[in-house]
Amino acid sequence: VNYGKDDGSVYRESIARDAHIFVNIHSLGHHEAVLLARTKIKPQIAIDLQGHTLGTRMELMALRIAPIQASYLIFPGTSGAPGFIDYILLDKFVLPPEYPNHYSEKFIFLPGSYQVNH
């Protein structure tokens, strides 16, 4: 499920082509998008790539677009949303050992680096 604008990039085209199902919900309202996802797409896991940044649709996560929900990449801090973001994907550099009680999510530590490079 994609809610971003089509930027025409090769990366977006690659994701759309390689995804089992790729649905753009950019023009749908929050409730309409969640209903479509739950009834037609039925994702088991949703990973929010925006966090608290410009253009976010955190409301989709708050409405539980999927049974398991995680945060990753663009915003490496906690969502502060213990009721609807279950996990955060990170590494030991994003989350130093002295700060785990400042996060509301459970941790999934990635081996090596948090940053994906293509």
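Author: We'll take ground rules, strands, cores, surface, salt bridges and backbone.

Reader: Ground rules, please.

Author: This is a predicted model: local features need pLDDT of at least 70, side-chain atom pairs count only at pLDDT 80 or more, and totals for chains, interfaces and linings use all residues. Residues are numbered from 1 along each chain as its sequence is written, and side-chain values use heavy atoms, with hydrogens and water left out.

Reader: How do β1 and β2 run, parallel or antiparallel?

Author: Parallel, with 4 bridges joining β1 to β2. D48 stands opposite S71 in β2. Strands are DSSP runs of E, at least two residues, and helices are runs of H or I, at least four, numbered from the N terminus. Two strands pair if DSSP finds at least two bridges between them.

Reader: And how many bridges join β2 to β3?

Author: 2, and that pair is parallel too. S71 stands opposite I88 in β3.

Reader: Cores next. How many residues has the largest nonpolar core?

Author: It has 14 residues, and those with the most contacts inside it are L60, M61, I65, F84 and I85. Helices α2 (30-41) and α3 (58-62) each supply at least two residues of this core. Apart from it lies another core, of 8 residues, among them Y72, L89, L90 and Y103. A nonpolar core is a set of buried Ala, Val, Leu, Ile, Met, Phe, Trp, Tyr and Cys residues joined through side-chain atoms within 4.5 Å. Buried means under 20% relative accessible area, exposed over 50%, partly exposed in between (1.4 Å probe, protein chains only).

Reader: What does I65 touch?

Author: Not counting residues up to four places away in sequence, I65 touches V1, V34, A37, R38, P43, A46 and L60. Contact means heavy atoms within 4.5 Å.

Reader: Surface now. Which residues form the nonpolar patch?

Author: I45, I47, L49, I68 and I74, with about 440 Å² of accessible area together. Patch residues have over 30% relative accessible area and no salt bridge; like charges are joined within 9 Å, nonpolar side chains (Val, Leu, Ile, Met, Phe, Trp, Tyr) within 5 Å. Areas come from the Shrake-Rupley method with a 1.4 Å probe, and for residues only the protein chains shown count as cover. I47 sits in strand β1 (residues 45-48) and is partly exposed, at 44%.

Reader: How many salt bridges in the whole structure?

Author: A search finds 3. The cut-off: a side-chain nitrogen of Lys or Arg within 4 Å of a carboxyl oxygen of Asp or Glu. One of them joins D86 and R64 at 2.8 Å, N to O. D86 lies in the loop between β2 and β3 and R64 in the loop between α3 and β2, so the pair ties together parts that are 22 residues apart in sequence.

Reader: Is D86 buried or exposed?

Author: Buried, at 18% relative accessible area. R64 is partly exposed, at 24%.

Reader: What about R12 and D6?

Author: Their side chains meet in a salt bridge at 3.6 Å, N to O. R12 is buried, at 15%, and D6 is exposed, at 52%.

Reader: Last topic, backbone. What is the phi of K42?

Author: Positive, about 55°, although K42 is not a glycine. Most residues other than glycine have a negative phi. K42 lies in the loop between α2 and β1. L73 has a positive phi as well, about 85°.
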